[in-house]
Amino acid sequence: MNEKLVLSNEGVFPVVKDLHGNELSELPKTGLPIAGTIQGEGKLAGVPSLFIRLSSCNLRCIWTMDNGEFCRCDTTYASFHPDKTTELMPAEVVTWVKHNIGTIRHVVITGGEPLLQKRPLAQLCQQLKTELNLHLTLETNGTLYDEEVAKWVDLFSISPKLSNSTPTPEKLAFYKLTESGPTKFHNEKRRNTNVLQAYINLCNETNKDLQLKYVVGKKSDAIEIESDFLTHLKNYKKDDILVMPLGASRQELALSAPLVMELAITNGWRYSPRVHIEMFGSKKGV
Ligand code: SF4
């Protein structure tokens, strides 16, 4: 107990007041004179939300686009290079949220991979729920599950990673990275159907909700979603399967969006937009 959370340098965002309730001199990265933004992806796209970004990830995603170019994780500052961080007690994060929440009712906890910090995360979720009664979305890569955290979450936004996300030697060389730690084990860790089944079972037994949100950049990704994931899962709802275009910039999104829409229609899955990239490009903190 009493463990601190390690937040990425954005911490709680976008905000107009700091942790102590003092007005910030600069506008939030949205350019608007208000705290909050809209959720850009998934079932709740468009819903006003505050975000909390935790640092570090157990995966290292680098994809190959349909045109052969590489595209990596859009939050490398929280995953590949989690160097600028702030350490806070869960209660301090709750206070920071209180100063900025206004009329917003949705908080999204994201990363990196938030469940790497499961103990202080469970405490944060419990306090956000019991003190502020907010709707909580947990964004996770679907490799980890924790009962204590899951108890407090309303929507599990799970983004399981396909084989195209594997950081091959060629991709690592392109980004001047060496194979070590999470890079080495990415491929064996990225798919955990027992964990995914645990989320599905929990949502079927409770009024919690989930989405399996696949980042898609190639036609063959749809075959893999079916063969490597869905055929191994039971009792999921087709409505909970989402496909989202690969891309960390407007140009990359424009390249994969038509193919992803085609795959969504052909397979009866939901298409998820990435509104924040369409509106703000690859800007942080929006
Ligand atoms: S799992 Fe998510 S945060 Fe981690 S490296 Fe992949 S895209 Fe980035």
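Analyst: What follows is a walk through selected features of this structure. It is a predicted model, in which local features need pLDDT of at least 70 and side-chain atom pairs count only at pLDDT 80 or more, while totals for chains, interfaces and linings use all residues. Residues are numbered from 1 along each chain as its sequence is written.

User: At roughly what angle do the axes of helix α1 and helix α2 cross?

Analyst: Helices (H or I, at least four residues) and strands (E, at least two) are DSSP runs numbered from the N terminus, and axes are lines fitted to C-alpha atoms, for helices over the stretch in contact, with angles from 0 to 180 degrees between N-to-C directions. Here the axes of α1 (residues 90-100) and α2 (residues 118-132) cross at roughly 40° and come within 9 Å. That makes α1 oblique to α2, given that angles under 35 degrees count as roughly parallel, over 145 as roughly antiparallel, 65 to 115 as roughly perpendicular and the rest as oblique. The crossing of α1 past α2 is right-handed, a label that applies if the near helix is turned clockwise from the far one by less than a right angle, with anticlockwise giving left-handed.

User: Which residues of α1 and α2 meet?

Analyst: Two residues are in contact if their C-beta atoms, placed from the backbone, lie within 7 Å. On the α1 side these are P90, A91, V93, V94, V97 and K98, and they meet P120, Q123, L124, Q127, L128, E131 and L132 of α2. By class, this contact has nine nonpolar, two polar and two charged residues, where Ala, Val, Leu, Ile, Met, Phe, Trp, Tyr, Cys and Pro count as nonpolar, Asp, Glu, Lys and Arg as charged, and the others, Gly among them, as polar.

User: Is A150 buried or exposed?

Analyst: A150, which has its place in helix α3 (residues 147-150), counts as buried because 20 C-beta neighbours lie inside 10 Å. Leaving aside neighbours within four places in sequence, A150 is in contact with Y145 and L202. Its C-alpha is 10.0 Å in space from that of C203, although A150 and C203 are 53 residues apart in sequence.

User: In which sense do strands β10 and β11 pair?

Analyst: Two strands pair if DSSP finds at least two bridges between them. Strand β10 (residues 209-216) pairs with β11 in the parallel sense over five bridges, and strand β9 (residues 155-158) also runs parallel to β10, joined by four bridges. L212 of β10 stands opposite I158 and has I241 as its bridge partner in β11, while the partner of K213 in β11 is L242.

User: How many residues of strand β11 are buried?

Analyst: In a regular strand the side chains alternate between the two faces of the sheet. In β11 (residues 241-245), five of the five residues are buried, so this strand is largely enclosed by the rest of the structure. Both faces are covered, with I241, V243 and P245 buried on one side and L242 and M244 on the other. Strand β10 is mostly covered, with seven of its eight residues buried.

User: Which residues does a cis peptide bond join, and where is a positive phi found in a residue other than glycine?

Analyst: The peptide bond between F13 and P14 is cis, with omega about -15°, and P14 has its place in the loop between β1 (5-13) and β2 (37-38). A cis peptide bond also joins G111 and G112, with omega about 15°, and G112 lies in the loop between β7 (106-110) and α2. For phi, N133 has a positive value near 50° and lies in the loop between α2 and β8 (135-140). N133 is exposed, with 8 other C-beta atoms within 10 Å. K176 has a positive phi near 55°, lies in the loop between α4 (169-174) and α5 (182-189), and counts as exposed with 6 C-beta neighbours inside 10 Å.

Methods: Buried ≥ 20, exposed ≤ 12 C-beta atoms within 10 Å, placed from the backbone.
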